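Here is a report on a structure with its sheets, a helix and a core in view. Start with how the chains meet.

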Amino acid sequence: MREGYEVIYQKPKTLTDNKMHYCPGCIHGTMHKIFMELIEEMDLQEKTVGVCPVGCSVFAYDYMDVDMQEAAHGRAAAVATAIKRMLPDRIVFSYQGDGDLAAIGTAETLHACNRGENFLFIFINNGIYGMTGGQMAPTTLEGQKTTTSPFGRDKKNSGSPLKMTEMVTPLDGVAFTARVSGNTPANVRKAKRVFKKALEIQQQNIGTQFVEVVSNCPSGWKCTPVESMEWIVEKAIPYYPLGIFKEPGK
Amino acid sequence: MPAKGYVEILVDTCKGCGLCVANCPTQCLALKQDDTNVYGYHYSYMSEPEKCIACMNCAVMCPDSVITVYKKKS
């Protein structure tokens with residue numbers, strides 16, 4: 001460190017030193033970082049249990065230095081339910097992508113929300129199956145080109161993109177729903193505040209918390225990371241509006 | 001006048017995504033076009049260090065947490 005300077009921002013100690021396997025510019029890394037910063041700030045490292053999905057973030061347990069459990073494809077909600085019921089004093093979160101949470105795991109997700117299981121869903125929605133090579137997901141936008149929709153997603157064939165946050169918001173068991181993004185520094189900071197609110201609600205034990213993150217996939221969308229952030233602003237956010245949809249007392 | 005801050009970048013963990021460069025309000029960062037790290041990425045570096053205002057935007061956006069920000073003590 002140079003003379004006369006102080007550290008004002010550094011990698012949180014709750015992230016391991018492993019090099020992340022994510023593609024350059026992937027919001028997964030940003031979300032890992034801000035969530036782990038929060039765990040460090042709220043001093044929850046010893047109390048937190050995470051559940052990993054199948055998808056790009058399958059190795060999240062290599063990066064987050066908290067107790068983690070890997071779940072079968074789509075079943076993170078069921079595993080998180082079990083963990084929270086066995087260890088109700090722990091902070092439990094599931095970290096899932098759109099192929100995991102919104103496709104194969106829709107049933108587990110909806111029913112966990114409907115039962116009001118007290119854990120936090122972190123739903124990373126990039127509108128594509130990143131790990132398997134960029135196929136169409138339920139959340140792919142209309143007209144978006146993927147390897148399985150080379151002429152763009154057609155509403156007649158594949159229906160409209162699934163809005164998971166809007167789907168779970170009316171359920172009685174759900175206490176907190178929000179949609180955030182990680183495309184600009186302001187949105188990343190906002191996302192961190194939303195995660196903090198969600199964890200505080202989990203400590204009050206009043207219902208499920210569901211936070212969707214509008215994410216990117218530069219490799220799957222065939223663009224540069226900076227272009228993918230612009231694409232989020234132009235295409236994704238108009239369809240997936242950001243904000244807090246439901247919070248206790250409002 | 002010395003800069004208000006500076007950043008340290010872990011060269012060999014940087015993937016050269018360019019998000020720090022795109023989100024720097026004073027354009028003091030750039031990707032090293034004539035050099036690569038061990039993984040073959042054009043890593044980010046401070047091209048104009050005197051412009052840094054220690055706003056932390058680069059570090060907040062960095063998906064690989066390679067940036068540490070230092071601010072001048074007041």
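The contact between the chains takes 25 residues from chain B and 28 residues from chain A. This is a predicted model. On chain B, α1 (19–23), α2 (57–61) and β4 (67–72) each supply at least two residues of the side that touches chain A. β4(B) gives the largest share of that side, 5 residues. By residue class, the side of chain B that touches chain A divides into 13 nonpolar, 7 polar and 5 charged residues.

**A sheet with strands from both chains**

β4(B) also pairs with a strand of chain A. Strand β1 (residues 5–9) of chain A and β4(B) pair in the antiparallel sense over 4 bridges. In this pairing, Tyr5(A) stands opposite Lys72(B). β4(B) has a partner in chain B as well: 5 bridges join β4(B) to β1(B), and the two run antiparallel. There, Val7(B) has Val69(B) of β4(B) as its bridge partner.

Chain A holds an open sheet of 7 strands in the order β3-β2-β4-β5-β7-β6-β8, with mixed pairing. Its edge strands are β3 (67–70) and β8 (243–246), each pairing on one side only. The twist in this sheet averages 20° from one strand to the next. β6(A) and β8(A) pair in the antiparallel sense over 3 bridges. Ala178(A) stands opposite Ile244(A) in β8(A).

The strand pairings described here, side by side:

| Strand pair | Sense | Bridges |
|---|---|---|
| β1(A) and β4(B) | antiparallel | 4 bridges |
| β1(B) and β4(B) | antiparallel | 5 bridges |
| β6(A) and β8(A) | antiparallel | 3 bridges |

**Helices of chain A**

α1(A) lies across β2 (48–52), β5 (120–125) and β7 of chain A. Its direction is at about 160° to β5(A).

Helix α5 (residues 106–115) of chain A has four names to note: Glu108(A), Thr109(A), Ala112(A) and Cys113(A) are buried. These residues are on the same side of α5(A), because they cover an arc of only 125° around the axis. Just after α5(A), Gly116(A) takes a positive phi of about 70°.

**The nonpolar core**

In soluble globular proteins, nonpolar side chains tend to be buried together. Here the largest nonpolar core has 92 residues. Which residues have the most contacts inside it? From chain A they are Ile122(A), Phe123(A), Phe195(A), Val211(A) and Val213(A), and from chain B, Cys58(B) and Ile67(B). Helix α1 (residues 27–41) of chain A gives the largest share of this core, 7 residues.

Take Ile122(A). Leaving aside neighbours within four places in sequence, Ile122(A) is in contact with Met31(A), Phe35(A), Phe93(A), Ser94(A), Tyr95(A), Val211(A) and Val213(A).

Methods
Residues numbered from 1 in each chain as written. Chains lettered and ligands numbered in written order. Predicted model: local features only at pLDDT ≥ 70, side-chain atom pairs only at ≥ 80, totals over all residues. Contact = placed C-beta atoms within 7 Å. Nonpolar A, V, L, I, M, F, W, Y, C, P; charged D, E, K, R; others polar. Pairing = 2+ DSSP bridges. Buried ≥ 20, exposed ≤ 12 C-beta atoms within 10 Å, placed from the backbone. Arc of directions from axis to C-beta. Core = buried A, V, L, I, M, F, W, Y, C linked by C-beta atoms within 7 Å. Axes fitted to C-alpha atoms, helices over the stretch in contact; angles between N-to-C directions.
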